[in-house]
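Please go through the structure shown here together with the report below. The report takes up metal sites, packing and strands in turn.

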Amino acid sequence: MTVPAFQRHDHAACIDSAVAAAAAACAARGLQFTEIRRRVLEILLAEHRALGAYDILEQLRAEGRGAQPPVAYRALDFLVKHGFAHRIERLNAFAACAHPGVDHAPAFLICRSCSAVAEAEAGPERALGAVAAAQGFTIEQTVVEAEGLCPNCTPEAQA
Ligand SMILES: [Zn+2]
Ligand SMILES: [Zn+2]
Ligand SMILES: [Zn+2]
């Protein structure tokens, strides 16, 4: 399922299901879904927007958690390593995964105006995979980041 990041949707349910999916995946894989890891994921899920590590740290501090940078960074590392969040290279930021627990190469649609981020279910890595196979090339990682304007930032949509 692709989260309709740019459209109006039941966002509370969206957060709940993503946190529940992460909790279930952690339980199934014997991973510790600690309080701080859960909270960092919730912060990433709060808006469909990429957040820098520093933004997350600030948020934790605003909540009076007095989190030290390594704590926030380790929680982020954990979320990325296990596929609950992705690193968005172009923005040097992080976004919660739209379909955790599913093995996939993420593809992102990034709004250059408001930094809203949508994760596409299937990226062009399928086409790349065919080219790679024909060339005897083994792809280890594909990063797909498309930049443009989301519907909320497209002038015609606001008229
Ligand atoms: Zn949502
Ligand atoms: Zn993902
Ligand atoms: Zn936008």
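The sections below describe a predicted model.

## Zinc site of ligand 3

Four cysteines hold the zinc ion (ligand 3): its protein donors are the SG atoms of Cys111, Cys114, Cys150 and Cys153, which lie 2.3 to 2.4 Å from the ion. The arrangement is tetrahedral because the four donor atoms subtend angles of 108 to 112° around the zinc ion. Along the chain, these donors follow the spacing C-x2-C-x35-C-x2-C.

Cysteine 111 belongs to strand β3 (residues 107-111), whereas cysteine 153 sits in the loop between β5 (144-148) and α6 (155-158); the pair therefore ties together parts that are 42 residues apart in sequence. Buried means under 20% relative accessible area. Cysteine 111, with a relative accessible area of 2%, is therefore buried, and cysteine 153 counts as buried because its relative accessibility is 17%.

Cysteine 14 counts as buried, since its relative accessibility is 12%.

Helix α2 covers residues 35-45, and its buried residues are Arg39, Val40, Leu41, Ile43, Leu44 and Leu45. Among the elements that cover them are α1, α3 (53-62), α4 (69-81), β1 (85-88) and β2 (93-96).

In soluble globular proteins, nonpolar side chains tend to be buried together. The largest nonpolar core in this model has 26 residues, of which Leu41, Leu44, Ile56, Leu79 and Phe84 touch the most other members. Two or more residues of this core come from each of α1, α2, α3, α4 and β2. The greatest contribution is from α1, which gives six residues. Leaving aside residues up to four places away in sequence, phenylalanine 84 touches Ala22, Ala25, Cys26, Arg29, Leu41, Phe78, Leu79, Ala96, Cys97 and Pro100.

Strands of a sheet pair through backbone hydrogen bonds, either parallel or antiparallel. Here an open sheet of three strands has the order β4-β3-β5, and its pairing is mixed. β4 and β5 are the edge strands, each pairing on one side only. On average, neighbouring strands of this sheet are turned by 20° against each other, direction ignored.

β3 and strand β4 (residues 117-120) run antiparallel and are joined by four bridges. In this pair, alanine 107 stands opposite alanine 120 of β4. The two strands form a hairpin with five residues between them, and serine 115 in the turn has a positive phi of about 65°. Strand β3 also carries cysteine 111, one of the donors of the zinc ion (ligand 3).

Key
Residues numbered from 1 in each chain as written. Chains lettered and ligands numbered in written order. Predicted model: local features only at pLDDT ≥ 70, side-chain atom pairs only at ≥ 80, totals over all residues. Heavy atoms only, no water. Donors = N, O, S within 2.8 Å, 3.2 Å for Na, K, Ca; no water. Tetrahedral: all angles 85-135°; square planar, octahedral: opposite > 155°, others 65-115°. Buried < 20%, exposed > 50% of the residue type's maximum accessible area, 1.4 Å probe, protein only. Contact = heavy atoms within 4.5 Å. Core = buried A, V, L, I, M, F, W, Y, C linked by side-chain atoms within 4.5 Å. Pairing = 2+ DSSP bridges. Axes fitted to C-alpha atoms, helices over the stretch in contact; angles between N-to-C directions.
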